[in-house]
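This report looks at one protein model, beginning with the chain as a whole and then turning to two of its residues.

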Amino acid sequence: MQSVLLIALAVAYLRTWLHSQTPTAPAVPIIPDGNLAEDEKSTINLFRQSSQSVAYVTTSAVDEDSVRFRATEIPRGTGSAFVWDSDGHIVTNFHVVEQGNAWKVTLSDQSSWDAEIVGVAPDRDLAALKIKAEPGRLKALLRGSSTNLEVGQKVFAIGNPFGLDQTLTTGVISGLGREIRSRTGRLIEGVIQTDAAINPGNSGGPLLNSRGELIGVNTAIFSPSGAYAGIGFAIPVDVVKRVIPQLIKDGKVTRPGLGVRIAANSITDRLGLEGALIVSTVPGGPAARADLRPTRYNDEGVSLGDVIVAVDGKEVKNSDDLFRIIETYEVGSEVTLTVLRYPLTRSQQQKAIKISLVAVE
């Protein structure tokens, strides 16, 4: 027993001696944080100011149960949005709201409001909603211009990706003048390409320049997997500034048209045609009055309608060309269409037809 005690005392002494021989690391002084870089300060200030104008949209489908006399709310999706004006108008993407019949908007102060659809523009993937919030809660986002943008300039996206509230991502403009397809299949032109991270939930949120001005509405990503891959797209603000006031005023967007239905490009490609094939004309419309001929179906097969190959001398290779050219005119303008009329003859393969453009939705 005594020997065990002596061994324990020896071990304790040895530990004390070894500890005394170990050099003690010098104390590291606590250095106060230095000043942030100027670009960091600018980004922080931009987020603090602009995020007050960014909102969160929840889309639901309310199903009325006629047996149990109660409504069931089924979530359909979420997205981002931003305050357009102090009257309670909120802007987002059409595809954010299209699958539902009930919508809620959550503002930056976390207050939640029932919203109603004021108008939608599916061809531009834009929608205007309205909430009954008092003006003091609403801070409209500053609006810039998309005419003088440059590849390489800094941009900032604020939104709610994957439901994460008030998220900021940064990047640059990677490309300009891009084209993407809307839900209706129509081309949206002049689209901004950016490498600022845009993920599910960012749709409908603002793309800002370094002054905190709106230059685009984030709308889509290009990715084989569906996740962010460094290529995002935003609808240019000059389009937004043209469309949203029309939606607020009339609930719809009107544009110049011919009063015709045009075949899809896949059909004309399959037929080996170059131009815009007229499928049908609106009864009493300008195309019908101008004797433009639609495609007809009978027992003998298909009789092709007129194929528009030029508008005022501007070449039309497909339906995208036709829509792009027509939308540069005002409603009421008179244009000259060059058409191919089938069956083709040697003496008259092309025909010039004057037509006045009308307002179409």
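## Basis of the model

A contact, as the word is used here, means heavy atoms within 4.5 Å. On that basis, residues 24 or more positions apart account for 60% of the contacts in the protein with a separation of 6 or more.

The model is predicted, so local features need pLDDT of at least 70 and side-chain atom pairs count only at pLDDT 80 or more, whereas totals for chains, interfaces and linings use all residues. Residues are numbered from 1 along each chain as its sequence is written, and side-chain values use heavy atoms, with hydrogens and water left out.

## Confidence and overall make-up

The predictor's confidence in each residue is given as pLDDT, from 0 to 100; its mean over the protein is 83, and 82% of the residues reach 70 or more. Helices (H or I, at least four residues) and strands (E, at least two) are DSSP runs numbered from the N terminus, and the protein has seven helices and 22 strands. Among these elements, the lowest mean pLDDT, 58, belongs to helix H1 (residues 2-21), and the highest, 96, to strand E3 (residues 89-92). Where pLDDT is low, the predicted coordinates should not be read in detail.

Of the 361 residues, 42% are buried, a term that stands for under 20% relative accessible area, with exposed set at over 50% and partly exposed in between (1.4 Å probe, protein chains only).

## Gln193 and the pairing of E9 with E12

Gln193 is placed in strand E9 (residues 187-194) and is buried, with a relative accessible area of 12%. Strand E9 pairs with E12 in the antiparallel sense over three bridges, where pairing requires that DSSP finds at least two bridges between two strands. The bridge partner of Gln193 in E12 is Phe233, and strand E12 (residues 232-236) is itself mostly covered, since five of its five residues are buried.

Not counting residues up to four places away in sequence, Gln193 touches Val172, Ile173, Ser174, Gly175, Arg178, Ile231, Gly232 and Phe233.

The C-alpha atoms of Arg186 and Arg124, which are 62 residues apart along the chain, are separated by 8.2 Å.
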